[in-house]
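This report describes the sheet of one protein model and the helices that accompany its strands.

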Amino acid sequence: MSDSIASQLLQKWANAIKHGDPKKVTDFYHENGILLGTFSPVERVGHKLISEYFEKLLQDSVEVEIVSEHPHDFELTSVNSGLYNFVTKGKSISARFSFVYGKDNTEWKIISHHSSILPEN
């Protein structure tokens with residue numbers, strides 16, 4: 001695992017997805033964070049809407065394979081963008097991502113998360 005804060009946070013998020021607990025995944029997000037999810041057209045701001053997304057997504061087993069990442073850490077902000085695969089129902093779905101993390105007191109939280117299906121050539 002990289003020494004980058006953003007890389008470590010991405011790995012923790014991916015592990016939470018694998019364990020399938022929507023509440024634990026939602027807890028990674030700032031209370032007013034935004035999720036532009038891979039599998040929904042809805043702009044999800046705040047824990048209630050973010051939790052609804054993960055409750056639906058995690059009804060089946062899901063794993064996240066990180067293909068590439070480009071983390072950048074700053075004093076109170078970290079960002080990470082790259083490619084990952086969602087593996088579920090025997091399929092691998094390629095997507096791109098961008099995470100923006102903010103440090104709130106002593107805790108890092110996802111402020112903004114954008115993920116979308118990777119277009120085919």
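A hairpin of 3 residues connects β3 to β4. Strands (E, at least two residues) and helices (H or I, at least four) are DSSP runs numbered from the N terminus. The model is predicted: local features need pLDDT of at least 70, side-chain atom pairs count only at pLDDT 80 or more, and totals for chains, interfaces and linings use all residues. Residues are numbered from 1 along each chain as its sequence is written, and side-chain values use heavy atoms, with hydrogens and water left out.

Strands β3 and β4 run antiparallel and are joined by 10 bridges; His-72 has Val-79 in β4 as its bridge partner. Two strands pair if DSSP finds at least two bridges between them.

The open sheet has 6 strands in the order β2-β1-β6-β5-β4-β3, with mixed pairing. Because β2 and β3 stand at the edges with a single partner strand each, one side of each lacks a neighbour in the sheet.

Angles, from 0 to 180 degrees, lie between N-to-C directions of axes fitted to C-alpha atoms, for helices over the stretch in contact.

| Helix | Angle |
|---|---|
| α1 (residues 5–19) | about 160 degrees with β3 |
| α3 (residues 47–57) | about 50 degrees to β1 |

Key: Contact means heavy atoms within 4.5 Å.
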